[in-house]
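Student: I'm new to this one and would like to learn how to read it. Could you walk me through a few features?

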Amino acid sequence: MSVVPISYYLVLSGVLFGLGVIAFVYKRNVITIFMSIELMLNAVNLAFVTFARAHNQVDGLVFVFFVIVVAAAEAAVGLAVVIMLSQNRQSLSIERINHLKL
Amino acid sequence: MPILHHLWIILALPLAGSAVNGLFGKRWSQPAVNSVAVGSVTLGLLSVFELVREFSQLSPDQLPFVGNYFTWMVAGPFRVDFALQVDQLTLVMLLVVSFVGWLIHIYSTGYMAHEGGYYRFFSYLNLFMFFMLTLVMAANLIVMFVGWEGVGLCSYLLIGFWFLKKSAADAGKKAFITTRIGDYGFTVGVLLTFATFGSIDFGTIFKSVASNPISETTLTAISILLFTGAVGKSAQLPLYVWLPDAMEGPTPVSALIHAATMVTAGVYMVARMNPLFSRAPMAMLVVAIVGAITAFYSATIGLLQTDIKRVLAYSTVSQLGYMFLACGVGSYSAGIFHLMTHAFFKALLFLAAGSVIHAVGGEQDMMKMGGLRQKIPITYWTMLIATLAIAGIPGFAGFFSKDEILEAAGAGPRANFLLWLLGIVGAGLTSFYMFRLIFLTFFGTPRYDEQHVHVHESPRNMTIPLTILAFCSIFGGWFAAPHLVGGTEYFQRFLAPVFSMYAPQPTTPQAASLAGNPESGMAHNPALELAHAILSWPVGVAIAGFLLAWWLYIRNPDAPKRLAASVRGLYSLVFHKYYVDEIYSALIVRPLLWISTNVFWHAIDEGLIDGVVNGSARAARAAGGRARELQSGNTRSYASWVLVGVLGFTVLLLALYLRGAQ
């Protein structure tokens with residue numbers, strides 16, 4: 001049985017992360033942006049798992065669990081923020097969310 | 001001996017008066033301001049009288065009596081004490097300043113009664129008294145300099161008293177800036193004195209110069225530098241131009257500051273520094289030449305002036321020239337004597353002129369006066385007495401003092417025929433222009449508007465000072481009358497210790513015989529007969545001047561015009577004061593203004609300094625403007641910047657990694 005080389009996983013992880021970054025920067029809908037963040041997190045998870053497997057160490061796996069937990073919490077908070085935003089400004093466009101500026 | 005051990009009281013009185021009036025006088029009534037101002041100078045005068053009494057009980061070896069109050073500053077070997085001293089010269093100056101100042105304070109209460117800023121005027125006047133007394137009582141050059149600059153400040157404030165009038169404000173500035181040129185020389189002179197003697201204390205300097213041989217070049221340099229200060233302050237050539245303009249100030253100020261006291265500070269300083277000057281023959285010659293030329297030159301300008309106060313101003317410049325001539329030919333006591341008599345008769349002339357101006361409703365042009373003799377008799381008589389005194393008519397104060405100067409210039413140890421000649425001609429011109437003033441003002445037909453001008457004699461607080469000064473103008477000279485006319489020369493003998501204590505020792509027998517008794521020795525002088533012959537000259541020219549003025553302005557009133565027409569060029573030259581103001585303006589003032597405006601202001605200040613300051617501000621602002629765009633508030637731009645940052649770091653880490661790998 002042939003083993004899939006480690007670089008394949010890493011390239012896939014990199015491609016997924018790059019797609020997440022591009023989507024984050026170019027998409028306007030807040031929910032899409034939110035999804036692109038999840039995509040980036042999972043790309044990183046993939047890289048962690050790959051290295052854990054390659055080095056036969058458990059640290060990477062543990063880290064992935066933490067990331068999943070944080071992502072879940074973040075999703076809960078983030079979606080609540082998105083709901084409040086959509087209620088307050090009747091829009092989900094990121095262009096309208098510029099209140100960080102003084 | 002209370003006052004002698006508390007000399008500072010004499011200074012503190014006018015200073016306190018000035019402070020009280022300056023701080024609180026604004027809300028007070030005129031009598032209240034008067035009582036503070038006149039009260040303080042009255043007490044000052046009384047303490048000076050008390051000082052005279054105590055002084056007479058001192059033994060000669062206690063002189064000069066120095067009161068050292070506190071150490072003002074110490075820096076290495078440089079030490080300045082706030083020290084005051086009294087000797088015969090100081091005493092004479094104290095009496096003149098306090099007495100004339102007191103009279104002029106009283107006169108001012110009448111003259112300034114209808115003016116705004118009454119309290120301010122008296123505050124300045126008291127402050128002037130304080131600084132002038134500091135100047136004459138100082139025991140070292142630095143304290144003297146404080147007084148020296150202080151009187152300059154008060155002069156500036158009082159010339160520009162009517163500061164809303166542009167000409168007055170300009171005249172104040174002119175006085176301040178012109179004297180500053182001289183003061184620069186004075187300051188350098190003080191520094192050079194310290195560098196040479198290691199002290200600025202009069203006593204130490206004089207002892208040192210008398211006992212140590214110091215190169216004549218150094219002494220000449222010090223003397224000439226100090227004299228530069230005197231040239232500015234005492235309005236000598238070429239820095240005299242401020243004094244005629246200073247007549248923009250109120251007339252009592254012209255009388256006190258610009259005739260009787262402040263302008264004579266230069267003469268006092270030269271007399272005070274006599275041990276230095278006497279050892280620098282070159283400097284003495286310079287002093288004498290400047291004095292003689294000024295005496296003659298400004299007398300010629302006085303001939304044609306029509307403003308009554310300006311005639312007197314040029315006359316003051318001229319008389320100050322005589323005082324310097326006296327100092328320059330080594331007869332300091334004659335210079336101080338003329339200073340004293342001049343203080344009396346010139347203060348009187350100015351105060352009387354003020355009374356005339358008061359009478360004709362503020363008019364100063366003599367061409368618009370005339371025939372005032374019967375209408376203001378007290379002013380007329382007192383002014384006539386002062387004129388007789390300044391013209392040098394025998395018996396009056398000016399006769400004795402001017403004679404003594406001319407005698408010293410013509411027959412003294414440093415006699416010089418040319419200087420004497422300038423002095424004699426100047427004396428004739430003085431007599432002429434003063435009688436011209438009298439004739440134009442008081443004689444002939446009235447040329448003022450008789451319908452509208454109500455001519456009236458001045459109030460009593462103005463006429464009484466006039467009368468007292470007239471008395472002094474007659475008798476003030478008598479106690480210095482020379483032996484030749486049966487006098488006692490008390491004044492010269494009184495001052496002699498000041499001028500002989502550190503006088504240079506004569507080197508040749510001939511000089512020794514001449515200088516054997518330098519101040520009172522004229523009568524035993526081999527040149528006695530010459531002096532006799534010379535004594536008749538000043539009287540002659542004085543009478544000639546009177547006759548000429550009488551002939552031109554009383555006998556043939558049309559003659560002056562015809563005479564002016566026949567020498568039109570010369571007349572216009574003198575009438576325009578030799579265009580000196582215009583020449584100074586073209587040669588000094590305008591180039592300086594041009595350089596200041598274009599180089600210092602526009603190029604250096606606006607271009608360079610403002611450029612650097614504003615440029616750095618503008619650069620910071622531009623950088624901030626750029627950096628501000630980072631914080632657009634747009635989430636996506638933040639995300640992009642984060643991305644840029646991450647990429648940047650990645651590239652950096654990679655580069656480091658690759659370098660490490662090599």
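Student: Let's start with helix pairs. At roughly what angle do the axes of helix H3 and helix H4 of chain B cross?

Tutor: Keep in mind that this is a predicted model. For a helix pair, look at the two axes and the directions they run. Helix H3 (residues 88-111) and helix H4 (residues 118-137) of chain B have axes that come within 10 Å and cross at roughly 170°. Angles over 145 degrees count as roughly antiparallel, so that is the word for H3(B) and H4(B).

Student: Which residues of H3(B) and H4(B) meet?

Tutor: On the H3(B) side you'll find B:Thr90, B:Met93, B:Leu94, B:Val97, B:Gly101, B:His105 and B:Ser108. Facing them from H4(B) are B:Leu125, B:Met129, B:Met132, B:Leu133, B:Val136 and B:Met137. Sorted by class, the residues of this contact are 9 nonpolar, 4 polar and no charged.

Student: Why might residues a few places apart along a helix point the same way?

Tutor: An α-helix has 3.6 residues a turn, so residues three or four places apart point the same way.

Student: Now another pair. How do H15(B) and H16(B) cross, left-handed or right-handed?

Tutor: Their crossing is left-handed. The axes of helix H15 (residues 332-359) and helix H16 (residues 377-391) of chain B come within 9 Å, at roughly 145°. Among the residues making the contact are B:Phe345 and B:Leu348 of H15(B), with B:Met383 and B:Ala386 of H16(B). By class this contact has 10 nonpolar, 4 polar and no charged residues.

Student: What about a helix on its own? How far does H18 of chain B reach from its first C-alpha to its last?

Tutor: Compare the span with what you'd expect from the residue count. H18(B), residues 417-442, has 26 residues and reaches 37 Å, close to the expected 38 Å. Since 20 of those 26 residues are buried, H18(B) is largely enclosed by the rest of the structure. Just after H18(B), B:Gly444 takes a positive phi of about 75°.

Student: Could you zoom in on one residue of H18(B)? Is B:Ile438 buried or exposed?

Tutor: Count the neighbours: a residue is buried if 20 or more other C-beta atoms lie within 10 Å of its own. B:Ile438, found in H18 of chain B, has 23, so it is buried. Leaving aside residues up to four places away in sequence, B:Ile438 touches B:Met383, B:Leu384 and B:Thr387.

Student: How many residues of helix H11 of chain B are buried?

Tutor: 8 of the 8, so H11(B), residues 265-272, is largely enclosed by the rest of the structure. Its buried residues include B:Tyr268 and B:Arg272. Across chain B, buried residues make up 50% of the 662 residues.

Student: What about the backbone? Which peptide bond is cis, and where is it?

Tutor: Here's the general idea: most residues other than glycine have a negative phi, and most peptide bonds are trans. The bond from B:Leu237 to B:Pro238 is cis, with omega near 0°. B:Pro238 lies in the loop between H8 (216-233) and H9 (242-245) of chain B. That loop also holds B:Ala235, whose phi is near 55°, a positive value. B:Ala235 is buried, with 31 other C-beta atoms within 10 Å.

Student: And B:Tyr578, what is its phi?

Tutor: It's positive, about 60°, although B:Tyr578 is not a glycine. B:Tyr578 sits in the loop between H24 (568-575) and H25 (580-628) of chain B. With 13 other C-beta atoms within 10 Å, B:Tyr578 is partly exposed.

Definitions and conventions: Residues are numbered from 1 along each chain as its sequence is written. Chains are lettered from A and ligands numbered from 1 in the order in which they are written. This is a predicted model: local features need pLDDT of at least 70, side-chain atom pairs count only at pLDDT 80 or more; totals for chains, interfaces and linings use all residues. Helices (H or I, at least four residues) and strands (E, at least two) are DSSP runs, numbered from the N terminus. The expected span of a helix is 1.5 Å times one less than its number of residues. A residue is buried if 20 or more other C-beta atoms lie within 10 Å of its own, exposed if 12 or fewer, and partly exposed in between; C-beta atoms are placed from the backbone. Axes are lines fitted to C-alpha atoms, for helices over the stretch in contact, and angles run from 0 to 180 degrees between N-to-C directions. Angles under 35 degrees count as roughly parallel, over 145 as roughly antiparallel, 65 to 115 as roughly perpendicular and the rest as oblique. Two residues are in contact if their C-beta atoms, placed from the backbone, lie within 7 Å. Ala, Val, Leu, Ile, Met, Phe, Trp, Tyr, Cys and Pro count as nonpolar, Asp, Glu, Lys and Arg as charged, and the others, Gly among them, as polar. A crossing is left-handed if the near helix is turned anticlockwise from the far one by less than a right angle, and right-handed if clockwise.
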